[in-house]
Amino acid sequence: MTDRYAVIGNPIEQSKSPLIHTAFAQVTGQDIEYTKLLAPLGGFAAVVDTFRASGGRGMNVTAPFKLDAFAYATDLAPSAQMAGAVNAMKFEGDKVYAENFDGVGLVRDLVHNLNCPVQGRRVLILGAGGATRGALLPLLAEQPAELVIVNRTVAKAQELVELARKHQSGSVPVRGIGYTDLSDQSFDLVLNATSASLTAQLPPLWASVFAPGCLAYDLTYGKGLTPFLQLAKQADVTRLADGVGMLAEQAAEAFAWWRGVRPDTRNVIEQLTVPLI
């Protein structure tokens, strides 16, 4: 019997997850069906209940339901607990196991696909929302020289600093600051985890944050040369990346969690990549 999986969100038409997971199933020889589910706001649990009752085995979760999935789960992995959000669920009887693979997907893209080791690098993350929260522990586990979180509301950045200090296994220096505190600092890896690129906006940043040899990485994908990446390019940064690799790698983690086999991501990344020009 074909096993059923889905991605749930609102809106959902734009999701690449069916394309990705269908490709993964073909290359790994797994017999699955993967669909999109549009849930009304406030109707997440009812849609998931129906999917489970019809034999659904697992789900990816996208905006705006990652907090709903967190509340719906019966068993939260440490990654989901740390992120305060869920992007993958697995259904086994009455149990709903929940994970958040965004952070590990980001790190795998950086280290394995982009050949950008995090260890020993000065890392700057723009934004203190859910994307940053989910990425914190996987980034810290790579032992950067320091990790700085910058946010318009400094208190939110400092909340994540305390969370990181409490949960990280090492002793990486972590700081939370405002954008005005960035004037004399530069970094080897700058990650835009804000939602600014979705509306073609630029965080209040200036070119001096990009150190020589820096990688500028926008977690948004499929938008081409976003204002953030444009700024980096104008600052003579030659290493630019968007989040398409992160998307593929977190999907591969979920697929491996569900099916017990991890697919290669190269073909999917090539298929989904939009040139950064």
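The model is predicted. Two cis peptide bonds are described below, one joining Asn-10 and Pro-11 and one joining Ala-63 and Pro-64.

- Strand E1 (residues 3-9) runs parallel to E2, and the two are paired over 7 bridges.
- Within this pair, Val-7 has Lys-36 in E2 as its bridge partner.

**Strand E7 and its partners**

- Strand E7 (residues 122-126) is largely enclosed by the rest of the structure, because 4 of its 5 residues are buried.
- E7 is joined to strand E8 (residues 146-150) by 5 bridges, and the two strands run parallel.
- Leu-126 is placed opposite Val-150 in E8.
- Asp-188 belongs to strand E10 (residues 187-192).
- With a relative accessibility of 13%, Asp-188 falls under the 20% limit and therefore counts as buried.
- The side chain of Asp-188 is in polar contact with the side chain of Arg-122, at 2.7 Å.

- Strand E11 (residues 210-218) and strand E12 (residues 239-242) are parallel partners, linked over 4 bridges.
- Ala-216 faces Leu-240 of E12 across this pair.
- Together with helix H8 (residues 227-234), strands E11 and E12 form a right-handed β-α-β unit.
- Helix H8 contains Phe-228, a buried residue whose relative accessible area is 0%.
- Phe-228 and Glu-92 lie 136 residues apart along the chain, and their C-alpha atoms are separated by 42 Å.

**The largest pocket**

- The lining of the largest pocket comprises 45 residues, and those nearest its centre are Thr-62, Ala-63, Lys-66, Asp-102 and Ala-131.
- By residue class, the lining divides into 19 nonpolar, 19 polar and 7 charged residues.
- At least two lining residues come from each of strand E3 (56-61), helix H3 (66-72), helix H6 (130-141), helix H7 (154-167) and helix H9 (244-259).

**Backbone geometry in loops**

- Most residues other than glycine have a negative phi, and most peptide bonds are trans.
- The peptide bond between Asn-10 and Pro-11 is cis, with omega about 5°; Pro-11 lies in the loop between E1 and helix H1 (17-28).
- The bond between Ala-63 and Pro-64 is likewise cis, with omega about 5°, and Pro-64 is located in the loop between E3 and H3.
- Asn-115 has a positive phi, near 50°, and is part of the loop between helix H5 (102-113) and E7.
- The relative accessible area of Asn-115 is 59%, which means that this residue is exposed, the limit being over 50%.
- Asp-236 also has a positive phi, near 70°, and sits in the loop between H8 and E12.
- Asp-236 is exposed, with a relative accessible area of 66%.

Conventions: Residues are numbered from 1 along each chain as its sequence is written. This is a predicted model: local features need pLDDT of at least 70, side-chain atom pairs count only at pLDDT 80 or more; totals for chains, interfaces and linings use all residues. Side-chain values use heavy atoms; hydrogens and water are left out. Two strands pair if DSSP finds at least two bridges between them. A crossover is right-handed if, with the strands pointing away from the viewer, the path from the first strand over the helix to the second runs clockwise. On a 1 Å grid over the protein atoms alone, a cavity is a set of points where a 1.4 Å probe fits but cannot get out, and a pocket is an open set with protein on both sides within 12 Å along at least five of seven lines; lining residues have an atom within 4 Å of a point. Ala, Val, Leu, Ile, Met, Phe, Trp, Tyr, Cys and Pro count as nonpolar, Asp, Glu, Lys and Arg as charged, and the others, Gly among them, as polar. Buried means under 20% relative accessible area, exposed over 50%, partly exposed in between (1.4 Å probe, protein chains only). A polar contact is a pair of N or O atoms within 3.5 Å; within protein, one must be able to donate a hydrogen and the other to accept it, and residues adjacent in sequence count only if both atoms are side-chain atoms.
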